[in-house]
Amino acid sequence: MKKNLFSACANVARATVSGAAIATFTSFAAHAAELPNAALVAHGEYLARAGDCIACHTPQGGKPFAGGLKFDTPIGAIYSTNITPDANTGIGKWSYDDFARAVRQGVRPNGETLYPAMPYPSYARLSDDDMKALYAYFMHGVAPVQAQNRAVDIPWPLSMRWPLGAWRMLFAPKVQAFDGAHYNDAIVARGAYLVQGLGHCGACHTPRARTMQELALTDREGDDFLAGGGPIDGWVPSSLRGNPRTGLGSWNEDDIVQFLKAGRNLHTAAFGGMTDVVQHSMQHMNDADLLAIARYLKTLPASDPKETPYAYDPAAANKLQNGDASARGAAVYRDNCMACHRSDGRGYTRVFPALGGNPVVQGKDPTSLIHVLLSGSALEGTKSAPSSFTMPAFGWRLSDQEVADVSTFVRASWGNAGTPVSAEDVARVRKTVTASTPALPPGATLKR
Ligand code: HEC
Ligand code: HEC
Ligand code: HEC
């Protein structure tokens, strides 16, 4: 789970924006309505949400877009920059061309190349019209904030930026108009534009080469596109292709729309890095764009044609209901999980996710499953689904062996076909995640 230089989204999870910051942000955006080009500014704001600029350019509790969010890399830390229109510390003096070159090509006005933690290889396909709207928003819809950019914490000579230029020449696409004609349906084409461009979904969901470029930036570059990325902060972005068990094969368009809009659907609930994508970005998209994204994702065939379709198998539920917990991990499940996720593994719709047929549970890489068991997770409320539910942390009271056993049980029950998990797998994940211990009542001690 090594963080790497280009795992763009590595620290997005930490970029939660404070309520107060959001309030200033929206009041300023409201003020934009008085400007002559208000419609363009408002459109730019919408696009900035689609691109999730705020998640990376705002540290926890910080002012919107003032930069300073830390990204760890193996050679040292880098920080996102101030992209408010402040003339001295932000981008207030940048021309439209300066802005467009930085966002689409990763090149600063002084010629330096940006770290691809800034997802310019995806933004490369943004249209001129959208770039102009974004520029109008960042110049007129965002409050200027005086905040100096932080220099990278990388020792010389590794801090030299010219190798980034070489990387950019090799791996970043040329800026060219998005070719919607390849898709013979206008809605699918719109979805492709959003997914491949502003949404930069592939930055997390597409596997990367050793040289860290995404193996495919579009569906036309092969089946690696959105086939599932490596773990980011201990969460595995799963496949968004048609794989029946480990991808979105069994989801329909509405399932995808619901997930992006509400962070939950009949099958699953968002967690890890995806929570922030839903919170800051996707829940604000209009229904037409969400439908376009869903319809486009449904055009992507399975990357593994051998994967068998999922079918519910009642055997595990029958045994649990008859008091038989002899299978490996079944007793741990009965004692710790069944109250919420139920003996039939179907959970409670939109409250406690189903574990049967869940791509996260039976995916090849069990890291997310182990992680959610060790540290728990909160399903945050969204505009369309305001309630919030919590998955408790079990890391403080279940041993590596017990977590391995219950993981193995849920990966193999109710028709799931995941491979077994070992105590060593759990120990490896435990080293990298933070698991809190709840406060004990006075006088109580914890037996280990
Ligand atoms: C996944 C994280 C991420 C997202 C999303 C992101 N950025 Fe960035 N951006 C960065 C980082 C990190 C840097 C600094 C890179 C460096 O120092 O080389 C940066 C740099 C920039 C710069 C160059 C600023 C300068 O002073 O050199 C601009 C302009 C910019 N981003 C605009 C945007 C816009 C507009 C969006 C949304 C459409 C956006 N960014 C979304 C991470 C991100
Ligand atoms: C910052 C990294 C990141 C970005 C960017 C990102 N995702 Fe995700 N996504 C994840 C992670 C991690 C998961 C696994 C956790 C979960 O299922 O909620 C996930 C899960 C999902 C799932 C649920 C899959 C399943 O089988 O449960 C869908 C659907 C999804 N993402 C769609 C998208 C779309 C569409 C985009 C682009 C608009 C996107 N994601 C961008 C990190 C990301
Ligand atoms: C108090 C109720 C509760 C208990 C007990 C509980 N969970 Fe959960 N579980 C949840 C909620 C709520 C979520 C959704 C969290 C989120 O989306 O952030 C969840 C999410 C999950 C997920 C991620 C699936 C997804 O698609 O989001 C897995 C896997 C999981 N639980 C397994 C277990 C196992 C195994 C146990 C027992 C060791 C357990 N849970 C105990 C409530 C519970």
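I began with helix α8, whose buried residues pack against α2 (38-50), α5 (120-123), α9 (202-205) and α12 (287-297). Contact here requires C-beta atoms, placed from the backbone, within 7 Å. Helices are DSSP runs of H or I with at least four residues, numbered from the N terminus.

The model is predicted, and local features need pLDDT of at least 70, side-chain atom pairs count only at pLDDT 80 or more, and totals for chains, interfaces and linings use all residues. Residues are numbered from 1 along each chain as its sequence is written, while chains are lettered from A and ligands numbered from 1 in the order written.

I then listed the buried residues of α8 (186-196): Gly191, Ala192, Tyr193, Leu194, Val195 and Gln196. Buried means 20 or more other C-beta atoms within 10 Å of the residue's own, with C-beta atoms placed from the backbone.

Next I looked up α6, residues 128-140. Its 13 residues reach 18 Å from first C-alpha to last, close to the 18 Å expected; the expected span is 1.5 Å times one less than the number of residues. I found α6 mostly covered, with ten of its 13 residues buried, among them Asp130, Met131, Tyr135 and His140. The buried residues of α6 pack against α2 and α4 (96-105).

Last, I checked ligand 1. Of the 26 residues around it, Gly51, Cys53, Cys56, Leu114 and Met118 come nearest; near means a C-beta atom, placed from the backbone, within 6 Å. I noted that α3 (53-57) and α4 each supply at least two shell residues, and that α3 gives the largest share, four.

Notes: Buried ≥ 20, exposed ≤ 12 C-beta atoms within 10 Å, placed from the backbone. Contact = placed C-beta atoms within 7 Å.
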